[in-house]
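Here is a friendly note to read beside the model. Please keep the structure open while you go through the points.

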Amino acid sequence: MSIFKGAGVALVTPFKDDLSVDYEQLKKLVDFQIENGTDAIIVCGTTGESSTLTEEEHSEAIKVVAQHAAGRVPVIAGTGSNDTATAIKLSQHAEKDGVDGLLLVTPYYNKATQKGLIAHYTAIAESVNIPIILYNVPSRTGVNIEPETAVYLAKNVKNIVGIKEASGNISQVAKLMSLADGCIDLYSGNDDQILPLLSLGGIGVISVTSNIIPRDTHDICQKFFDGDVAGSRELQLKAIPLCKALFSEVNPIPVKKATEYMGLSNGKVRMPLSDMDPAKAEVLKKAMIEYGISL
């Protein structure tokens, strides 16, 4: 059974002016998402700046979101690490805090072999009893989950059930789904490729753009599921300029700025991320206004 179907938000982590985690604002973001149609919440993923959170902050943020969501939508915790032991520790904590599933990015920097990826993911999966979504984003981690590897894991590790595919390689995704023959749930990891991946058998997206347009991101998926492919395509194409602006600098710098424009956060990011270039920030603001977002 799938953890969720539709649009899950890769939630930003709001900070206070002193750059400590703003847990009260985090709760407000959860409410904003649920009230606007999000199908799932992914906390402490890449967009949530997990790499610069301490283990204590990481676990507390997951606990806060799981408790505040209170079963209204599934909560998925990003607990990946380039250290398998750390990923196991974070995953076990998240399971105890009541999340519905885990999102595990490939180990970054280490550049594990495919054999190493199988060992890494198997060890984490065997340490918990909740379902796991693999996260393939080679542009950020330096390693690609080959289709054969993803299918092997899905067929041989009972709680590895899905993959967030952000390689951008449609041919690779098509090969994956051909080999999988239904054994793995596919989620788009690129907001400009939601519809293409749905057409290949995907069941949703784990979305950055959902931070600011949760309803429309949900609708791209739901219209497709309902057979309204033209309506889904219309929304997907409408979002392209906004997606481009949201990725004009490294994620999550632009989406943090976008949430600031909307009054959802102060827009602050932790070093080594930096404030958004003012000229690009103006382009982002223009794209948001042209899309119809109230600022």
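1. Let us begin with a term. A polar contact is a pair of N or O atoms within 3.5 Å, and within protein one of them must be able to donate a hydrogen and the other to accept it. Please also remember that this is a predicted model.

2. Now use that term. Which side chain makes a polar contact with the side chain of Thr47? The partner is the side chain of Asn251, at 2.9 Å.

3. Where does Thr47 sit? Look in the loop between strand E2 (40–43) and helix H2 (55–69). With a relative accessible area of 3%, Thr47 is buried, because buried means under 20%.

4. Next, the surroundings of Thr47. Leaving aside neighbours within four places in sequence, Thr47 is in contact with residues including Ala10, Leu11, Val12 and Thr13, and also with Asn251, Pro252 and Val255.

5. An unreviewed UniProt entry lists Thr47 and Ile206 for "binding site". The two are spread over 160 residues of sequence, yet they cluster in space, with a largest C-alpha distance of 10.4 Å. The lining of the largest cavity takes in both Thr47 and Ile206.

6. Turn now to Ile206. You will find Ile206 in strand E8 (residues 204–207). Is Ile206 buried or exposed? Ile206 has 1% relative accessibility, so it counts as buried.

7. Finally, the contacts of Ile206. Not counting residues up to four places away in sequence, Ile206 touches several residues, among them Phe4, Gly8, Ala10, Ile42, Lys164 and Tyr187.

How values were computed:
Residues numbered from 1 in each chain as written. Predicted model: local features only at pLDDT ≥ 70, side-chain atom pairs only at ≥ 80, totals over all residues. Heavy atoms only, no water. Helix = DSSP H or I, 4+ residues; strand = E, 2+ residues; numbered from the N terminus. Buried < 20%, exposed > 50% of the residue type's maximum accessible area, 1.4 Å probe, protein only. Contact = heavy atoms within 4.5 Å. UniProt positions renumbered as here; feature names shortened; annotations may be inferred. 1 Å grid on protein atoms, 1.4 Å probe; cavity = no way out; pocket = protein on both sides within 12 Å on 5 of 7 lines; lining within 4 Å.
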